[in-house]
Every structure is written in C-alpha cells, then in structure tokens.
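This briefing goes through selected features of the structure shown below, grouped by topic.

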Protein chains: 2
Amino acid sequence: MEPSSLISLAHGMQYLTEAKAKILLSRYGVPVVEESIATNENDAIKRSEVIGFPVVLKGLGTNLTHKTERGLVKVDLRSQEEVRQAFRYIKEAAGTDWEGCLIQPMIQGKREFVAGLYRDAQFGPVVMFGLGGVYTEAIGDVVFRIAPLSRLDALGMMEDLSSRKLLSDFRGELAANREQLTQTLMGLSQLGIEHPEVMEVDINPLIIERDGGVVAVDALVVINKDESVANNTLPNKREAMERIIAINAALDVMTHPKSIAVIGAKRSPSTSHRNILDCLRDFGFPGKLYPINPNVEKLYGYKSYPDLFSLPEPVDLVIVSLPAKLVPKIMMDCVATGNKNVHIFSAGFKETGEEEGIRLQAEIEEIARKGGLHVIGPNCMGLYVPESRITMWPKNSSQSGPLAFISQSGGHAQDLTRYAHRYFGINASKVFSFGNALTLDSTDFLEYLAQDDETRIIGMYLEGVKDGRRLLELVKKVNRTKPVIILKAGLTNFGARAVSSHTGVLAGGKKIWNAFFRQSGAVQVDSLEEMSEVSMAFLQFDECRGRRVAVIGYGGGVSVAAADECSKVGLDIPALSPDAMKKLREFIPPAGNIIRNPIDAHQLFFEPDLLGQTLELLSQESYLDMFVIFLHLDWLYQNSGQNREHIEKIATYIATEARSRTKGRPLIVVWRQYQDIPEINELPTVIGQILLKGGVPFYNGLTRGVNTLSKLVKYHEFQNNQLVNINQ
Amino acid sequence: MEPSSLISLAHGMQYLTEAKAKILLSRYGVPVVEESIATNENDAIKRSEVIGFPVVLKGLGTNLTHKTERGLVKVDLRSQEEVRQAFRYIKEAAGTDWEGCLIQPMIQGKREFVAGLYRDAQFGPVVMFGLGGVYTEAIGDVVFRIAPLSRLDALGMMEDLSSRKLLSDFRGELAANREQLTQTLMGLSQLGIEHPEVMEVDINPLIIERDGGVVAVDALVVINKDESVANNTLPNKREAMERIIAINAALDVMTHPKSIAVIGAKRSPSTSHRNILDCLRDFGFPGKLYPINPNVEKLYGYKSYPDLFSLPEPVDLVIVSLPAKLVPKIMMDCVATGNKNVHIFSAGFKETGEEEGIRLQAEIEEIARKGGLHVIGPNCMGLYVPESRITMWPKNSSQSGPLAFISQSGGHAQDLTRYAHRYFGINASKVFSFGNALTLDSTDFLEYLAQDDETRIIGMYLEGVKDGRRLLELVKKVNRTKPVIILKAGLTNFGARAVSSHTGVLAGGKKIWNAFFRQSGAVQVDSLEEMSEVSMAFLQFDECRGRRVAVIGYGGGVSVAAADECSKVGLDIPALSPDAMKKLREFIPPAGNIIRNPIDAHQLFFEPDLLGQTLELLSQESYLDMFVIFLHLDWLYQNSGQNREHIEKIATYIATEARSRTKGRPLIVVWRQYQDIPEINELPTVIGQILLKGGVPFYNGLTRGVNTLSKLVKYHEFQNNQLVNINQ
C-alpha cells in the first residue's frame with residue numbers, strides 16, 4: 001500500500017493501527033520488525049511457529065493505543081501454550097476495540113532507542129532521536145533536528161546523545177548499524193515534509209540487535225487531515241522571491257532615506273526617550289526632515305506639517321511616535337498618501353499582553369497587509385545606519401563598520417553597538433531594532449544584510465521568530481560567508497514567560513533551538529558582551545585549523561586556570577613535544593621558567609624578543625592551532641620597576657613582531673588587572689588600542705578569551721564538515 | 001555469620017562469593033534477595049518450586065566473577081525443565097570454578113539502580129548510587145558521598161540523580177521505598193568505615209520492585225586484607241588534638257611575629273619578585289628584622305647576620321628565599337637554633353615534577369618532621385596580615401578586614417585580596433599562601449582561622465588536599481558560622497594534569513569533589529572575581545528565606561534577560577499577586593510602566609520615592625524573598641538630561657531609604673554601563689561607594705548579581721536543612 005493511500009485510510013481517524021504505521025514507516029526506509037496478523041488462536045500459534053519462539057503478541061485495533069499500560073502486549077512467549085493463553089487474554093482485555101493480534105519475533109537486544117517526528121509551531125516538522133525503552137521520559141536523553149535532515153544532521157543526532165556509547169560495541173553486542181539509523185531518521189524527515197497530515201510519529205522502542213541491526217518494534221502514527229490542509233498552503237516560490245525583492249528594495253530605501261517624516265515629533269511628557277528628530281539632526285542626517293504636528297508651526301527649526309497629506313512629496317521613511325491608539329489612523333494615512341515605509345516607534349501593542357494592545361496590533365497588521373506597507377516595529381527603536389547618518393537614539397559612533405545587528409529589543413540594540421565600539425573599536429554597518437515584527441521579521445533583515453557589502457558579521461538578538469524554517473535556511477546560507485552570531489533569549493522557562501509577554505511571540509523550546517544552532521552553524525552566545533567578544537575574533541581570523549591551544553603566561557595558578565578553562569569549553573592543551581621543549585630551553589633560562597603547556601615563564605615578559613622566538617618555534621609545531629598570551633598587568637607593573645612603558649612595549653611587540661610570527665594561526669591576548677593603582681588603571685584601554693591596531697583580539701580574563709576561541713573553532717569545524725559533506 | 005568472620009574468610013582472596021557478599025551486606029541493612037544454594041539438579045528444582053517460578057539460576061564460586069559475560073546467569077526460568085537445563089549449562093560452563101548454583105526468585109521491577117562503595121585516595125571510603133542495569137556505564141548517572149553518610153546525605157544522593165523521576169511512581173509501579181534506599185546507602189557507608197579491608201562493593205542491579213521495595217539482586221565485594229592494615233593506623237585522637245593545639249599556637253606566633261629573620265635577603269637577579277625585606281619595611285612592620293647574608297654588613301639599613309647561629313635570639317618567623325638546593329642546610333640550622341617557624345618562599349621542589357626537586361622536598365620534609373618545624377611552603381608567597389603589618393608582597397591595603405584567604409597559589413593570594421579590596425572595599429584578616437604544603441596544609445590554616453575572631457568569611461583556593469576527610473569535617477563545622485568559599489582547580493582533565501605538575505598533589509575526581517561540596521555546604525565558586533562577589537553578599541546578609549526574587553528594572557530586553565539568568569541558576573521569579581499589582585498601579589503611572597515580575601517601569605528611576613514605595617509594598621508579599629534593582633547607567637544618564645547627580649541621588653536613596661524598607665530581605669543592585677562617556681565612566685565606582693556604605697552589594701551585570709544570590713540561597717538552604725536534621 002502506498003503512503004498516501006495508507007494516510008487517506010485514516011480519514012476521520014486519529015491513529016493508524018500499529019501494523020499500518022509500520023507499513024508506512026517501512027516505505028520511508030525505517031527497518032521494521034517482520035510481523036503478521038492473526039484473528040484466531042490456531043492461526044496465531046501457526047504463525048508463531050513459522051516465526052520461531054520466543055514471540056511477542058500484541059492487541060491490534062484502531063482504537064488500541066497505550067497497549068502496554070492496558071496489558072495488551074505479551075513478550076517472550078516460548079510455547080504454543082503461552083501463545084494460546086496470551087491470545088485469549090489480549091482478546092478478552094481489548095474487548096470491542098480488538099481487531100486482531102499482531103505476532104512478532106522477540107527481538108533480542110539490550111539497547112532500546114526512540115525515534116519520532118512532531119510538528120513545532122515555529123519550525124514545522126522536527127525529528128527526534130534518543131534513549132528509548134521504559135526510561136525515555138525519566139532520563140530525557142533525546143535530541144532534535146529540524147526537517148529536512150541531511151546525512152550530517154542524522155549522524156550529528158547520534159553524536160549529540162549523552163548515551164551515544166550505546167551505539168558503539170556494547171557488552172558483547174556489535175555497534176549499531178549507522179546506515180540503518182541514518183535511513184530511519186532521514187525517512188522520518190521525508191515523511192514529515194511530504195505528508196503535512198502526519199502530525200506525530202513515535203517509534204519506541206527502536207531496538208539495536210546484538211549484531212547491530214536496527215529494528216522498529218512498535219510505532220505510533222497520529223494523523224490529522226484537517227491540519228494538513230492548513231499546513232499545505234505553502235507560499236508559491238515565485239511569490240516568495242518577489243516578496244524578498246520588494247522587501248530588499250524597501251529596506252534599501254529605509255536605510256538610505258532622502259526624506260523622513262516624523263509623526264509625534266514633540267517630546268511626550270509621559271516618555272523619557274530622547275526625541276527622534278533631535279537624534280537625526282544631531283547625527284547630521286543630510287536629507288529632508290518633516291515634522292508632523294498640527295499644533296505648531298515649527299519644531300527644532302524645521303517647518304512642521306499638520307499631516308501626511310500636506311507634505312510636498314511622499315517620503316522614504318515615516319516614523320510614528322504617537323500613543324498606540326492613534327497609530328491605526330496614521331497607518332491609513334500612509335496607505336492613502338503612498339508612504340510605504342514605516343517605522344512604528346510606539347509601544348502599547350501585543351507586547352502588553354492586554355486585550356486592547358492585541359486588538360490594536362491586529363488592526364494595524366490588517367491595514368499594513370492590505371495597503372502593502374513595509375513596517376519596522378511597533379515597539380522598537382528602529383534604525384541606526386552610520387553611512388546614512390540616521391539613528392533613532394543618541395550618542396552613537398558616526399563611523400561605519402563591519403558589524404550588523406538585528407535586535408528584537410531596542411535596549412539591546414543600543415547596548416550592543418555601544419559595548420562593541422567602546423571595548424573593541426567595532427563599528428556598525430546597519431542596526432535594526434524591530435520589536436513586534438508587524439510585517440518585517442528578523443529573516444527579512446537577515447536577507448537584506450546577506451547582500452549588504454558593508455556587513456561582514458551579523459549579530460542577532462531573538463526572542464521568538466515567526467518562520468523558524470526560513471530562519472534556519474537563511475542563517476545556514478548566510479553563515480557560510482558572514483558569521484551569524486545569535487543571542488537567543490527565553491530558552492529557559494521563566495525567560496520563555498517573559499518573552500511571550502514582551503513581544504507576543506511564542507518562543508520555541510530549548511531542545512528545538514539547540515537543533516537550530518547545530519543545523520545552522522550559527523554562533524550561539526549568552527550575552528551582548530560575549531557577542532562583542534566573539535565578533536572581535538571573527539573579524540580578525542578567517543581561518544582556524546583545530547582546537548589545540550598553547551598558552552603562554554606566568555604563574556602556577558594561572559596555568560592551572562588556563563587548563564581548566566580550556567577543558568571546560570572543549571579546547572585541548574596538548575603537551576609540547578620533547579623536541580620543542582629542548583629548543584625552547586635553549587633560549588629560555590631555567591630558573592623559575594617552566595617549559596610545558598601552559599608555558600609558565602616570566603622571562604618572556606622581560607625580554608619580548610624571547611616571546612617572539614617562542615611563538616615562532618611553536619608555530620612550527622603541527623599539533624598547535626592557536627595561541628593565548630596571558631598578560632598579568634599588575635605583576636608586570638610591579639616587576640618591571642613600575643614601568644608602564646615596558647608593558648606598552650610588550651603590547652606593541654605582540655601586536656607587530658609576535659603576531660607576524662604565528663603564520664596566521666589565531667593569537668589572542670588575555671589580561672588581568674586587579675590592583676587599584678592610578679598609573680595602571682588605564683593600561684587595559686591603552687594596550688587594547690595597541691593590540692587592536694595589530695589585529696590581536698584581547699580579552700579581560702582567561703574565561704572570555706578561551707570561550708571566544710572555542711566559538712571560532714566550532715564555527716570553522718561546522719563549515720569544514722559542511723564542505724566535506726558537499727564534496728562527498 | 002558475623003561481618004568480621006565473613007571478611008576473615010576472605011584471607012588470601014580477592015572476592016567474596018555472591019552469596020557471602022549478600023550475607024555481609026544484609027548485616028549492614030541492605031535488603032537482599034532471598035536465595036539458596038543447590039549443588040545438584042534435583043535440589044535446584046525443589047528449591048525453585050519452594051521459591052515459586054519464575055526463578056533465576058546463577059553459578060556460584062569464589063573465582064566466578066563476570067558471571068553475566070560468561071553466561072552463568074539464567075533468568076526468568078519458568079519450569080522444572082528450564083531449571084534443569086540451566087543448571088546443567090551453568091555447571092558445565094563454569095568448569096572447575098563451579099561450587100554450586102544460587103537460586104533466586106525472579107525479581108519483578110522495571111527500575112534498576114546501582115549502589116556501591118570504593119576508597120578514594122584523598123577522601124577514603126566513598127558511597128556511590130545511580131542508575132543501574134546495562135546502561136550504568138554508558139549513561140553514567142551516578143552520584144557519590146563521602147562516608148560517613150548522614151540520612152540527609154543519603155536522601156541528597158537520590159535528589160541529585162538526573163533520573164530521580166524513576167524513584168517516584170513510575171509507569172504503574174509505586175515510588176521507591178526511600179527508607180530502604182537510605183538504609184542501603186548508610187549501610188554501605190558504615191561497612192566502609194568499620195572494615196578498611198573492604199576495598200570495593202558493587203550492588204548492581206539494585207532493583208525497585210513494583211511495590212517500591214528495594215532488593216539487591218547481585219553484589220560484588222572486593223577484599224584486600226593487606227590494605228586494611230595500612231588504613232587502620234588512624235591517628236590517635238589525643239595526638240591529633242595536641243597537634244592542632246601546637247599548630248594553632250605556632251600560627252598565632254607566625255601571624256603576629258615580634259621578630260623575623262630573612263634568609264636570602266638580597267634580591268636575586270634570577271627572580272623578579274620584589275624583595276621580602278623591602279615589602280615588610282614598606283608595610284611598617286614594627287618588630288625586629290634580621291637579614292641573614294654572610295657577604296654584607298648591612299641590607300636596607302638593617303644590620304646583616306652571617307647565619308641563624310649568630311642571631312641574638314630565636315625569632316618568631318624565619319623566611320627562606322634561597323635557591324632550592326641550599327634550603328636543606330638552612331632547615332637543619334633552624335632545628336639546631338630552635339627556630340621552629342619557617343616560611344619557605346623558594347621554588348624548585350616537588351612542583352617542578354623533576355627528580356631533583358622531588359628529592360629535595362623529601363629531604364626537607366624529613367628534616368622538618370624530625371625537628372618539629374612548622375613550615376609554610378615551599379613554593380609560596382607566605383603571609384599577609386594587616387593587623388601585624390606583615391606582607392610578603394607589595395601594595396597591599398593596610399586595613400584589616402573580615403575576609404581570610406587560604407591559597408595554594410601565591411598569584412591568586414595577591415589577586416584575590418586586591419580584587420576584593422578594589423571592587424568591593426573588602427579587606428583581609430589573614431592571608432596564607434602555602435604552596436606545596438610541606439607540613440602545614442589547608443586544613444591547618446582553616447583550623448586556625450575557625451577560632452580567629454577577626455575572620456568572618458574564609459576563602460580557599462585549592463588544587464589538591466592531603467587529607468580530604470579532615471577537610472570535609474572541618475569545612476562542615478566552620479561553614480556553620482563562617483561561610484567557607486572555595487575555588488577548586490583541576491576538576492577537569494587538563495586542569496587535573498596541570499595541578500599534579502603544579503604542586504605535586506593528586507587532585508581528586510570531579511564527582512568526589514561534587515560530593516565534598518554537597519556534604520560540607522561550602523560555597524563553590526569558579527573564579528577569584530566570583531569569590532569576591534559572593535563574599536560581598538555574605539558579609540551583608542545573615543539570612544535568606546528562599547529563592548524567590550523580584551526584579552525592578554527598565555526595558556523589555558532586560559526583563560527577559562533577568563528571567564533567563566534567574567532560571568539558569570535556579571532562582572524563581574514568581575508572578576506578582578493581583579492585589580500587589582493593583583496597589584502598585586495606584587502610584588505607578590500606566591504609560592510605559594509594565595507591572596509584572598520583572599517590573600519594567602522607568603518612572604521608578606525618575607522619582608526614587610516610588611522605588612521605595614514599591615520595595616516596601618513588595619516586602620509585604622510573602623512569596624518574595626529577595627530584590628534586585630537594575631540600574632542602566634547609560635540610559636539613566638541620557639534620560640535624566642545627562643544629570644549625574646540624579647543617578648547619585650538614586651544610589652543614595654537605594655542605600656538608605658530603599659534598603660531600610662526591605663525588612664532585612666536581601667537587596668542587591670546590578671548595573672550596566674557601556675557608553676564611553678567620560679562624565680559617566682566613573683559612575684560605577686561612585687555609586688559603588690555609595691551603595692557599599694548602605695550595605696547594598698552591587699554587581700557589574702545581571703549574571704553576576706543573580707549568581708551571587710543563588711549562592712546565598714544555597715548556603716542558607718543547606719544550613720537550614722542541617723538544623724532540621726539535627727532537631728529530628
């Protein structure tokens with residue numbers, strides 16, 4: 001029977017019978033147990049003998065779910081008599097739900113897994129794999145991948161399990177057949193893609209036999225034919241492409257506007273935000289500014305207009321900063337006057353969680369949709385584009401740079417750009433604070449930035465997303481050439497609650513987002529500070545060969561800490577080869593200088609050229625991929641005769657000579673400065689500037705530096721794996 | 001048969017038979033399966049019928065280990081015939097190792113656990129509990145406790161399992177009998193304590209039956225009678241007490257010396273450390289200083305002496321700063337001249353990992369032991385005691401304070417004291433940097449600090465420890481009145497390698513140290529910064545009722561982040577009661593001020609008294625235990641008309657009025673300042689001082705603040721649990 005016929009049989013049904021479920025799954029490459037159906041005792045016995053004892057008997061029927069709990073599964077039946085008794089018991093216990101008995105061989109294998117499919121609100125069909133059997137829920141060792149799955153995704157699921165040891169040779173049983181497992185997981189993925197009416201699949205247990213063979217022993221398939229209709233209305237590809245082109249064009253206009261109208265241009269007494277008109281003027285916006293306010297003649301030196309209709313021309317961007325209840329009227333005006341590009345600054349919509357706000361948002365969404373408006377917001381800070389001299393918040397750097405940022409929070413948009421600029425001298429290309437995402441969502445901005453020449457790295461702050469699958473596809477694509485660094489909020493329970501009240505978007509579960517990160521290769525960070533730190537490294541290093549680090553510092557405690565920190569984030573600190581140690585010993589004096597990895601050698605910080613020689617030598621060692629130099633500023637200051645210049649000299653040496661000797665392998669500096677001595681309190685800033693010039697990322701403390709390297713390593717491992725996979 | 005007879009039977013043996021192992025365990029309260037032994041087929045069948053089918057047959061014999069792998073366990077035997085076949089098979093397969101067959105009922109239960117006992121090099125007998133059955137090693141869900149176990153420890157082991165759900169009602173089976181589990185774990189503990197010759201015990205599986213009953217189905221006991229002798233030579237209690245009294249007296253003299261001799265007083269060209277004599281003089285040490293140097297007349301203005309023999313008196317402290325190879329001679333001089341208290345600054349001993357260093361350390365250890373010397377070091381920075389004006393490193397605060405620090409690393413000793421002083425104004429009482437711990441180990445310093453009136457909080461940086469059990473007992477005791485905050489390095493693999501090379505002490509495994517922290521209640525931190533942050537909170541708050549936090553801040557992104565951070569560290573952010581929300585709404589205007597938890601209300605930061613009213617109101621809510629105020633300094637500055645004074649006013653208000661309205665519930669401030677604006681760059685320091693005066697801890701960023709509260713909560717939960725347990 002073909003899949004579609006099987007599914008169509010389910011008309012009006014909730015579940016397929018176990019037998020039909022397995023036929024369906026076998027069509028998608030899932031190895032299922034051989035089985036047959038008996039409707040009377042003697043037939044059951046005959047079939048059991050054909051299969052060979054021991055066998056398993058199960059009640060069969062469309063309404064027979066939770067068979068184990070109902071006692072309708074009898075395993076390890078070893079004789080005719082046991083089969084007969086089991087048959088009678090099941091038939092009696094199942095009552096009117098009984099349609100027959102399923103007879104299977106007793107599959108032998110200690111290892112029980114679970115595989116499945118379900119539909120996530122944001123990401124659509126999602127495949128699950130994990131430890132099965134009775135412990136499934138109690139232990140919860142399961143991983144997810146968003147469909148469609150590649151072979152790499154399927155193999156990755158096996159790697160990600162905590163109990164992955166069970167897939168190798170195990171207590172006398174052979175390693176699991178990875179090909180069969182891959183087929184099973186990719187088959188579930190394909191089923192999910194091809195049949196939107198399949199809502200859920202549960203294969204539990206999926207047994208690994210003694211010889212490593214994989215067998216689905218029980219399966220549950222849930223069908224919902226009503227859902228299938230809704231889910232099947234996929235957007236037309238051409239329509240989708242046209243939409244992208246239109247949005248890209250609109251965003252290009254909005255980020256390079258020649259004229260802006262600001263509605264609600266007067267500072268409201270109830271809000272404490274700096275006035276937008278003020279910000280634009282201060283930032284030197286060179287285009288035309290039209291304040292809209294019917295009550296005044298002039299505002300901030302500009303002629304004021306009573307409404308959009310009275311403007312001399314349609315503008316490139318309308319900014320709305322009025323109380324929420326006045327916004328629908330303005331939106332209608334925008335449609336009527338041909339002003340298509342709107343940024344709604346105002347809050348008071350869906351994010352309030354209150355009825356009135358939700359209603360207002362639905363209302364403006366309808367107006368925007370019908371009128372073809374492109375809307376950033378509501379409930380957001382909007383745009384910051386240095387090259388166009390536009391900003392909606394004050395005190396921004398006027399320099400343009402390589403980092404773009406897409407943020408659901410306006411506060412975070414400001415904080416990230418300020419932090420990255422202050423501590424790492426990183427300037428922004430384009431920043432979008434988009435709040436409730438009325439028409440333009442994170443994916444739209446990402447699509448735009450993908451083709452923006454100025455942007456080399458993209459940061460995102462996400463609470464939720466409307467179309468998770470589009471986000472995944474897009475990030476996966478963009479990330480190949482422009483690292484995408486994502487701070488995903490609301491992965492925890494409380495966070496999730498605050499998210500749903502903050503922007504009114506339902507955030508997905510943590511495990512699904514883990515899948516998103518594993519599949520997209522996006523760099524996951526936990527804070528805005530980390531996003532800045534990681535950006536710094538990605539801007540400096542295009543390559544990273546592996547996860548093996550050499551640390552050069554001073555002090556036993558620091559060495560131990562370096563080793564601990566590396567281990568925590570999965571970096572290796574390989575032992576130095578005897579040959580390298582011998583060569584190092586030739587120019588590093590023995591007293592108090594310990595040659596191992598981490599290298600603990602004060603002398604290198606008093607004769608910088610020794611540091612250069614050390615790096616040059618280590619860069620010839622094939623088992624080292626990256627270098628960390630630890631600068632203990634307090635110690636250096638005290639022990640160089642309180643000589644600040646000496647420390648600056650070391651920094652300069654690292655930024656020039658030392659850097660050039662590492663043959664392009666990543667080199668970072670981590671520093672510590674705890675003493676409160678005015679002469680050195682400014683040192684971190686000073687050496688930061690020196691190192692920045694030389695392209696050496698620098699971090700406050702080991703933890704941050706080592707964490708950043710781990711993200712760099714993971715990114716390049718992912719990209720290399722993808723390449724290998726494509727080339728296979 | 002009594003335990004000692006059973007064990008004595010094991011003379012010359014490695015393993016007890018399964019049957020004897022279970023008899024031994026049952027004597028210690030472990031519920032074991034009823035079983036009997038048969039040595040012929042008919043007997044086996046008869047006994048099976050008495051037990052009732054199905055039964056289990058196992059080969060029995062002193063040399064029969066790994067029975068499952070050898071196929072000597074036959075389960076689920078349902079008839080005379082199956083028993084007969086199993087008996088024949090086992091007897092044949094076991095060959096000459098066969099001594100009989102063990103017959104047990106087939107225990108019914110889906111849930112298999114494992115319990116055991118083993119001896120750790122540092123901590124002695126340790127009890128294990130975890131998920132059992134075939135998955136034990138593959139999943140590794142096991143926890144440990146150091147013997148002796150209290151009831152609370154045993155119950156804690158169950159709570160700490162990831163798979164603890166299995167101990168509740170589970171798929172139609174009843175919750176596990178906790179009393180039996182507790183008996184099992186405490187019994188293993190007692191067995192380990194009473195019988196040092198029992199090296200290992202493995203109970204696997206320990207089955208939870210359908211009715212919740214606990215049954216040990218298989219057990220392995222490993223005996224080593226030779227070990228027992230070595231392990232049994234416990235120190236005499238009185239001797240131990242006398243040693244403590246002597247050490248406390250010596251440490252009292254060393255921390256309050258009237259005279260100090262410094263050997264190696266001249267700055268060595270090969271070391272970059274500041275000279276100790278110089279440090280002592282600069283710090284204003286008021287006692288007598290005797291430089292020892294045969295080559296000069298005077299040093300730093302002090303008369304120099306050729307050796308210890310030429311001194312006019314024995315001194316309270318001898319500091320040795322000579323190359324390692326010269327140290328043994330000096331140690332002998334110390335013994336000969338009656339100079340008992342020595343600090344060996346010199347490195348080059350066991351920490352080098354080289355033969356010569358290890359030999360030298362053994363040599364001086366022998367001299368110290370025979371001569372009754374009290375030695376701090378070698379390879380350490382030594383002492384910093386502000387009240388006595390002694391320090392071995394420069395630029396220390398001359399103020400005495402409540403925080404003591406015991407550190408295996410000299411660098412960390414300096415960094416911690418500087419950081420805590422600089423950022424939180426915390427001064428030190430006594431700091432011990434003790435390096436290789438020749439005679440005085442961390443436990444000795446802890447014992448001394450326990451009775452030091454000046455010390456209110458004790459920080460420790462540990463790489464390894466010689467006597468883990470003494471550390472556990474001591475920390476558990478001291479921690480009740482003086483919080484003990486521990487940074488344990490080398491918990492990871494790489495870390496562990498660096499540790500063993502750094503101070504030559506074998507560090508224990510991570511799981512055992514987890515047990516140490518769970519049992520001692522010590523506050524575990526990951527960095528010196530965190531140790532300072534946590535100290536700040538512990539110094540301010542003596543009480544903490546629970547883990548429920550209210551956050552007051554501004555901005556949606558911040559609210560989401562606060563919820564995420566709290567959730568990560570296990571704190572709750574309960575929803576506000578409708579009544580509280582209504583009352584808050586009475587004085588907080590609606591526009592842009594969202595009343596929920598986290599509270600997102602800008603108005604509170606423009607009218608500080610509203611903040612006070614809010615705190616007062618929330619302090620009457622029974623479901624809130626702690627308060628966090630988020631100060632976004634950039635935002636406050638921009639939105640208060642760039643008014644620094646306004647921000648200082650808020651800080652002052654929080655430190656005085658707001659603090660007083662929280663009724664003693666912990667209140668902390670977390671701040672963010674990212675903008676690089678000279679006028680506000682100093683603000684964190686300024687508001688820090690204001691808040692410090694009012695006893696309000698303040699943290700750079702949410703993560704740190706919330707983390708600190710979680711440590712405070714855990715500490716008080718532990719202490720309260722201990723009290724409840726004692727009172728039962």
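**Sheet of chain A**

In chain A, six strands make up an open sheet with mixed pairing, in the order 26-27-25-28-29-30. Strand 26 (593-594) and strand 30 (698-700) of chain A are the edge strands; each has a single partner strand, so one side of each has no neighbour in the sheet. The model is a predicted one.

- Strand 25 (residues 549-553) and strand 28 (residues 626-632) of chain A run parallel and are joined by four bridges.
- Within this pairing, A:Met626 in strand 28 of chain A is the residue opposite A:Val549.

**Strand 28 of chain B**

- Strand 28 (residues 626-632) of chain B is mostly covered, with seven of its seven residues buried.
- The cover extends to both faces of strand 28 of chain B: on one side B:Met626, B:Val628, B:Phe630 and B:His632 are buried, and on the other B:Phe627, B:Ile629 and B:Leu631 are buried.
- Strand 25 (residues 549-553) of chain B runs parallel to strand 28 of chain B, and four bridges join the two. In this pairing, B:Ile629 of strand 28 is the bridge partner of B:Ile552.
- Strand 29 (residues 667-672) of chain B is also parallel to strand 28 of chain B, and six bridges join them. Here B:Phe630 has B:Val670 in strand 29 as its bridge partner.

**Helix 13 of chain A**

- Helix 13 (residues 410-424) of chain A has 15 residues, which at 1.5 Å a residue should span 21 Å; the end C-alpha atoms are 21 Å apart, in agreement with that value.
- The helix is largely enclosed by the rest of the structure, because 11 of its 15 residues are buried.
- Among the buried residues of helix 13 of chain A are A:Gly410, A:His412, A:Asp415, A:Arg418, A:Tyr419 and A:Phe424.
- Just after helix 13 of chain A comes A:Gly425, which has a positive phi of about 60 degrees.

**Interface between chain B and chain A**

- Contact between the chains involves 85 residues of chain B and 86 residues of chain A.
- About 6,800 Å² of area is buried between chain B and chain A, and carbon and sulfur atoms give 50% of it.
- Eight salt bridges are counted between chain B and chain A.
- A:Asp415 and B:Arg672 form a salt bridge through their side chains, at 2.6 Å from N to O. A:Asp415 is also one of the buried residues of helix 13 of chain A.
- Between chain B and chain A, 20 residue pairs are in polar contact, with both residues at pLDDT 80 or more.
- On the side of chain B that touches chain A, the elements supplying at least two residues each include strand 5 (111-120), helix 13 (410-424), helix 18 (528-540) and helix 22 (633-639) of chain B.
- Helix 19 of chain B gives the largest share of that side, nine residues.

**B:Lys711**

- B:Lys711 lies in helix 26 (residues 702-727) of chain B.
- Its relative accessibility is 17%, so B:Lys711 counts as buried, the cut-off being under 20%.
- A polar atom of the B:Lys711 side chain lies 2.6 Å from the backbone oxygen of B:Gln524.
- Neighbours within four places in sequence aside, B:Lys711 is in contact with B:Val523, B:Gln524, B:Val525, B:Glu530, B:Val534 and B:Phe538.

Terms used
Residues numbered from 1 in each chain as written. Chains lettered and ligands numbered in written order. Predicted model: local features only at pLDDT ≥ 70, side-chain atom pairs only at ≥ 80, totals over all residues. Heavy atoms only, no water. Buried < 20%, exposed > 50% of the residue type's maximum accessible area, 1.4 Å probe, protein only. Pairing = 2+ DSSP bridges. Expected span 1.5 Å × (residues − 1). Contact = heavy atoms within 4.5 Å. Buried area = accessible area lost by both parts, 1.4 Å probe. Salt bridge = Lys/Arg side-chain N within 4 Å of Asp/Glu carboxyl O. Polar contact = N/O pair within 3.5 Å; in protein donor to acceptor, adjacent residues only side chain to side chain.
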